[in-house]
Amino acid sequence: MGMTIAEKIIAAAAGVESVKPGDIHTVELDRLMSNDGTTHLTIDMYNKLRKPRIADVSKLVWIMDHNVPCDSVKTAASHKKMRDFAKEHGIQFYEGAGVCHQVMMENHVTSGELIFGADSHTCAYGAVGAFGTGVGCTDYLYAMVTGKSWLLVPETLKFNLTGKLNDGVYARDLILSIIGMIGANGANYMAMEFGGEGLRTLNMSDRICICNLCVEAGAKTALMEVDEITLDYLKAHGREPKHNFKSDADAAFAKVYDIDLSTIKPIVAKPHFVDSVVDAKECVGTHIDEAFLGSCNNGRIEDLRVGARIIKGKKVHPLVRFLVVPASAEVYRQALAEGIIDTFMEAGAIVMNPNCSVCWGSCQGVIGENEVLISTGTRNFKGRAGHKDSFVYLASAATVTASAIKGEIATADRI
Amino acid sequence: MDKFTGKIWVLGDDIDTDIIIPTEYLALKTVQDMAPYAFSPLRPELAGQLNAGDIIVAGKNFGCGSSREQAPEIIKALGIKCVIAKSFARIFFRNAINNGLLLIENEKLRDVVSEGDEITITINESIEHQGNQYPITSLPQNLVDIINAGGLVKAMQKLNNVENG
């Protein structure tokens, strides 16, 4: 029996010939990412261990992104703990570089790796064919101390993409459509694998966006077939693939979906669930107080270009705050070089430093009671962006920017 | 704790980690400080009503969302003996096991119970509710080992102690 990409990566990391769904294997991890959301908890547990040690410090990458720059005395204490520990132990450390997953993609991740991240959106790394999966701080600690962990081999859902997205339709619309189709637990414990001719029409930014959001369908990981686009991206960032796995012709998939990209339309996910998706047209006219363009999902240069194109020569609606947050310093500087930051500021947007921002309801930009946010962030759970009685709609960079201009949910074709 | 009886609290589908503990309370120092705010976006009074030994019965996809480990830690800190749901989100599942919080998957129970009912759980065997038995699937051995050790850190300590003599 053949194997899927997920199965091949686990087999390689476990040092065995083959694996099958349901098997539990001890695996060697290639990389361990943690951010300021929970690293202080990991450190507390580490310090309580008898004779603690880090198995291989070169595998660790720690990134400040959730509350950068620090927003309170309490957070300053947990930041200091993380900064000091990283320095003492020689852990690779970033602060101000951007949102963790974007920093990882720009600097570390390569095809065929098995990566634990103490953040649920670690599945983003599948964009280059790496098995990234989110874990809590206890799992992280165990992996940090032993270099290993256990994994249950997941079943794989295969998504065969054909055709091409129409103009005005984005990867964000595609992945929201898929989550709506399979549901918020439709891929629970499973891997989501993407391939087919349609994949060749999606650039690396699109691929990161798609893989990043797969956890919102419950997925353990997301994986894309490695192709020329992957190899070009890795080469441009000075990296080689570790493995270049493809699923075997006789690999067993739990289910196969065929998706014609040309049938995808602009989508909005309504409060309070990511799978509560509707045609964006159905939400047109909905009042908003704030719009957010950013996050590990949609804060790359490609997303900022989309927004800038729509808002150039226009103004943010006077009753709306429009937050633009590049996902990394690299993205920010590129946007500066292209004049995109100036376009947003000319229009009246608030441009902030790279961080997780209102996507996780901390940092700056939280919304108040009964307020409504339209966002390219990752989640729209009740209270996610601030007050427990507030509302978050999720949409593409185009729909978010169009809405910021109109002062209500709008699609870009009507601006 | 092979067999125990508890009062149940009933929740719906997709109880996410931001409902279990909203972001604004994560900066509090300990999970004990955070515990009063558990489930507050959904039922602000709930955390104050829970008693040690109570059981939560929920729908599908319990614990979906963030990898924040405070979520299962707080449920444990509130004295909840176990959570029974139609299904659990995977990161929450791992985090709960790693912290020694017992989770049981059961498709049927949620639809037949009412809040305040009592149920009796016999570990690895069944749940009893008003005379009806609902079988429990047993966990894989490696997870049983982790729970029996009192969580993953304690399991690791054991290994560590052995390796270090």
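A:Glu193 stands opposite A:Leu223 in β10(A). That pair is the way into this model, which is predicted: local features need pLDDT of at least 70, side-chain atom pairs count only at pLDDT 80 or more, and totals for chains, interfaces and linings use all residues. Residues are numbered from 1 along each chain as its sequence is written, chains are lettered from A and ligands numbered from 1 in the order in which they are written, and side-chain values use heavy atoms, with hydrogens and water left out.

Start with the strands around that pair. Strand β9 (residues 191-195) of chain A runs parallel to β10(A), and four bridges join them. Helices (H or I, at least four residues) and strands (E, at least two) are DSSP runs, numbered from the N terminus. Two strands pair if DSSP finds at least two bridges between them. Strands of a sheet pair through backbone hydrogen bonds, either parallel or antiparallel.

The sheet here is open and has four strands, in the order β10-β9-β8-β11 (chain A), with parallel pairing. Its edge strands are β10 (221-224) and β11 (255-260) of chain A, each of which pairs on one side only. Neighbouring strands are turned by 20 degrees against each other on average, direction ignored. Helix α1 (residues 5-14) of chain A lies across β8 (156-162), β9 and β10 of chain A. Contact here means heavy atoms within 4.5 Å. The helix α1(A) runs at about 105 degrees to β10(A). Axes are lines fitted to C-alpha atoms, for helices over the stretch in contact, and angles run from 0 to 180 degrees between N-to-C directions.

Chain B has a sheet to set beside this. Seven strands form an open sheet in the order β4-β3-β2-β1-β5-β6-β7 (chain B), and the pairing is mixed. β4 (102-105) and β7 (132-135) of chain B stand at the edges with a single partner strand each, so one side of each has no neighbour in the sheet. From one strand to the next, the twist averages 30 degrees. Inside the sheet, β2 (residues 55-58) and β3 (residues 82-85) of chain B pair in the parallel sense over four bridges. There, B:Ala58 stands opposite B:Ala85 in β3(B).

Now bring the chains together. The contact takes 45 residues from chain A and 45 residues from chain B. The area buried between them is about 3700 Å², and carbon and sulfur atoms give 54% of it. Buried area is the accessible area (1.4 Å probe) that two parts lose on being put together, summed over both.

What links the chains by charge? Two salt bridges are counted between chain A and chain B. A salt bridge is a side-chain nitrogen of Lys or Arg within 4 Å of a carboxyl oxygen of Asp or Glu. B:Asp18 forms one with A:Arg384, the closest N and O atoms being 3.0 Å apart. There are also 20 residue pairs in polar contact between chain A and chain B (both at pLDDT 80 or more). On chain A, α2 (39-48), β6 (131-134), α5 (137-146) and β7 (148-152) each supply at least two residues of the side that touches chain B. The largest share, seven residues, comes from α5(A). A polar contact is a pair of N or O atoms within 3.5 Å; within protein, one must be able to donate a hydrogen and the other to accept it, and residues adjacent in sequence count only if both atoms are side-chain atoms.

Over all chains, the count comes to 28 salt bridges. One joins the side chains of A:Arg83 and A:Glu95 (2.9 Å, N to O). This pair links distant parts of the chain, 12 residues apart: A:Arg83 is in helix α3 (residues 73-89) and A:Glu95 in strand β4 (residues 92-95) of chain A.

Some local backbone details remain. A:Ser328 caps the N-terminal end of helix α11 (residues 329-337) of chain A, with a side-chain oxygen 3.3 Å from the backbone nitrogen of A:Glu330. Just after α11(A), A:Gly339 takes a positive phi of about 80 degrees. The peptide bond from A:Val68 to A:Pro69 is cis, with omega near -10 degrees. A:Pro69 sits in the loop between β3 (60-64) and α3 of chain A.
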